[in-house]
Structure formats: structure tokens, C-alpha cells
Amino acid sequence: MQRRQSVPHQWFLVVDEQSVGAARRLPRGSGVLVVGALRAREMRRLQTLAALRNLTIATEGRNSAARVHNVTELRPALLARTPMILLSPLYPTRSHPDWKPIARMRAAALARLGGRRLIALGGMDARKFARIRRLGFQGWAGISAFKT
């Protein structure tokens, strides 16, 4: 992700090669965050879809994006000046059913600490993001919200 580009407010997480095809259904201008390892062929396929649908592609890593779950994990991401930080889980999620969602006010405090770089993750969809946007999140990310 380049520094000068605007950051999409809606992100789809690609966790495996089977989820690459779901990028076809993303609204134009959305973002795709690759958090799993993809073979070169699947990455080229994703890049082609991104070019056709005006999607932004980012990969998880210290210089691009980080997933955090509490202030202990947030601190190193902020110190490393990670451009995009995903805070999870804000709602119950199918991918991690045993994880307890972060309390609303704690999420708001973490969003303030993170500045305008925090993306809401965990059980998110557009309707839920509308409810928490004013807490300070720049956008939202999901997996199953885009696969239906």
C-alpha cells in the first residue's frame, strides 16, 4: 500500500486461495488484505481482479498491516508506524468462536490510541460498522460478510 493513496473503508481478508474468487463480488474501490500465503498464480489472479475492479491490495506485515487484539499488541504496531491496524474482534465471529469481543468503550479507547489507522475486524459487516464508526475507526474488514 502506497502512502499517498486513500485507504478504502471496506476490506476483504483473503485467508486462503479459495477466498480469492470472492474478490469478484467486492464493490469497486474496496480493499483486499492478504493474510495467508498465496501461490504466485493466485496472487496474479487477485491482481488482475484488483485492476479490473479498482481494488487496493495490501499484505499483512510490519510495513503494511497488522492485526491486534489488545493494547499490548497495539503498542508495537504503533511504534513500527504500521499504516493499517486491524482491531479484532469487535463482534462474535465464526472464525474464532471462542474469542470474547472487545468491549465497546475499550474499542473506542484503542481506536483513539491508534489514530485514524484502525480498521474494525471480527464479525463485521456494513450495518455493524455504521454503529461503531463514530468510535474512531477508519473502516471495517471481514471475511464472511463478502462471501454470501
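Start at Asn 70, which caps the N-terminal end of helix H2, residues 71–79. Show its side chain: an oxygen there lies 3.1 Å from the backbone nitrogen of Thr 72. Bear in mind that this is a predicted model.

Now move past the helix. Select Arg 81, which follows H2. Its phi is positive, near 55°.

Next, go to the loop between strand S5 (84–87) and helix H3 (104–114), and pick Thr 93. Is Thr 93 buried or exposed? Thr 93 counts as buried, because its relative accessibility is 16%, below the 20% cut-off. Display what surrounds it: leaving aside neighbours within four places in sequence, Thr 93 is in contact with Gly 122 and Gly 123.

Stay in the loop between S5 and H3 and select Arg 94. Arg 94 has 70% relative accessibility, so it counts as exposed. Which side chain does the side chain of Arg 94 meet in a polar contact? The partner is Ser 144, at 3.2 Å. Then draw a distance from the C-alpha of Arg 94 to that of Gly 122: the two atoms are separated by 8.6 Å, with the residues 28 apart along the chain.

The largest nonpolar core has 37 residues. Those with the most contacts inside it are Leu 46, Leu 87, Leu 90, Met 124, Ile 132 and Phe 137. Centre on Ile 132: not counting residues up to four places away in sequence, it touches Leu 90, Tyr 91, Arg 104, Ala 120, Met 124 and Phe 137.

Last stop: another core lies apart from the largest one, with eleven residues. Select Trp 11, Leu 13, Ala 65 and Ala 141, which are among them.

Note on methods:
Residues numbered from 1 in each chain as written. Predicted model: local features only at pLDDT ≥ 70, side-chain atom pairs only at ≥ 80, totals over all residues. Heavy atoms only, no water. Polar contact = N/O pair within 3.5 Å; in protein donor to acceptor, adjacent residues only side chain to side chain. Helix = DSSP H or I, 4+ residues; strand = E, 2+ residues; numbered from the N terminus. Buried < 20%, exposed > 50% of the residue type's maximum accessible area, 1.4 Å probe, protein only. Contact = heavy atoms within 4.5 Å. Core = buried A, V, L, I, M, F, W, Y, C linked by side-chain atoms within 4.5 Å.
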